Amino acid sequence: MNGGQAGGRPLVAILSGAGISTDSGIPDYRGPQGLWRRDPDAEKLVTYQFYMGDSEIRRKSWRMRQESAAWRARPNGAHQAVAELARRGTPVRVITQNVDGLHQLAGLPDRKVLELHGTARAVVCTDCGARTTLAAALERVDAGEPDPACRDCGGILKTATVMFGEALDSEVLTQAIAITQAAQVFIAVGTTLQVQPAASLAGVAAQHGARLIIVNAEPTPYDDLAEEVIREPIGTALPELLARW
Ligand code: ZN
């Protein structure tokens with residue numbers, strides 16, 4: 001795939017992290033105002049073993065999903081700028097650490113988005129793998145099932161996200177590396193590049209000769225490898241940057 005270009009335009013790969021969605025009202029759980037600083041159960045709620053082993057944690061998870069603004073959030077100008085880039089015909093692939101589905105809601109086709117950590121908009125059975133939407137599961141919670149079980153097999157349901165204690169989907173990771181190796185431009189946006197393996201993609205991109213551009217408020221371990229580091233707010237910086245392609 002290396003060096004492949006479509007219509008003479010560069011392949012733009014965008015690695016997005018929590019910072020691209022904060023303008024949509026989705027908190028960065030790890031940030032200074034993040035959930036983890038406030039709720040003593042927060043880490044259990046996102047850790048597979050605790051979630052599977054404790055129905056009280058699951059009930060609390062469903063309550064929080066119900067109350068969370070996250071799944072009602074709307075894409076912001078940065079998500080829209082990425083979707084617009086694809087609409088202009090520029091070859092673009094998004095690799096996202098986010099589970100909020102906002103790239104697709106902004107109009108980016110599903111096939112152009114690789115969700116490293118899965119999606120919180122779908123629910124999956126941990127036994128039989130049956131999938132449903134979060135909205136459908138939340139309707140059952142609303143109707144009085146505090147910990148809804150799989151309708152097919154009675155198994156435990158969870159969001160289709162990669163929790164702590166779960167491995168990343170190796171096929172998704174393989175695709176992410178292939179996209180990164182093929183990209184002529186690699187933009188890391190709203191990610192501190194500290195969580196592996198997503199972070200190392202920036203290194204892979206630089207190794208394969210991509211122009212590495214980092215858009216993030218705080219320094220990252222890969223800033224030295226970048227051709228350009230942009231510290232301005234993502235909501236204005238990304239649309240301006242993407243206008244180049
Ligand atoms: Zn099932």
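**Inside the model**

The largest cavity holds about 30 Å³ of space. A cavity is a set of points on a 1 Å grid over the protein atoms alone where a 1.4 Å probe fits but cannot get out, and a volume is the space filled by probe spheres set on the points, which are joined across faces, edges and corners. This is a predicted model, in which local features need pLDDT of at least 70 and side-chain atom pairs count only at pLDDT 80 or more, while totals for chains, interfaces and linings use all residues. Residues are numbered from 1 along each chain as its sequence is written, and side-chain values use heavy atoms, with hydrogens and water left out.

Lining residues have an atom within 4 Å of a point; for the largest cavity they include Thr96, Asp100 and Glu115. Helix H6 (residues 102–105) gives the largest share of this lining, three residues. Helices (H or I, at least four residues) and strands (E, at least two) are DSSP runs, numbered from the N terminus.

Now turn to strand E6 (residues 157–161). Strand E4 (residues 118–125) pairs with E6 in the antiparallel sense over five bridges, where pairing takes at least two DSSP bridges. Across this pairing, valine 124 stands opposite lysine 158 in E6.

Technical notes. On a 1 Å grid over the protein atoms alone, a cavity is a set of points where a 1.4 Å probe fits but cannot get out, and a pocket is an open set with protein on both sides within 12 Å along at least five of seven lines; lining residues have an atom within 4 Å of a point.
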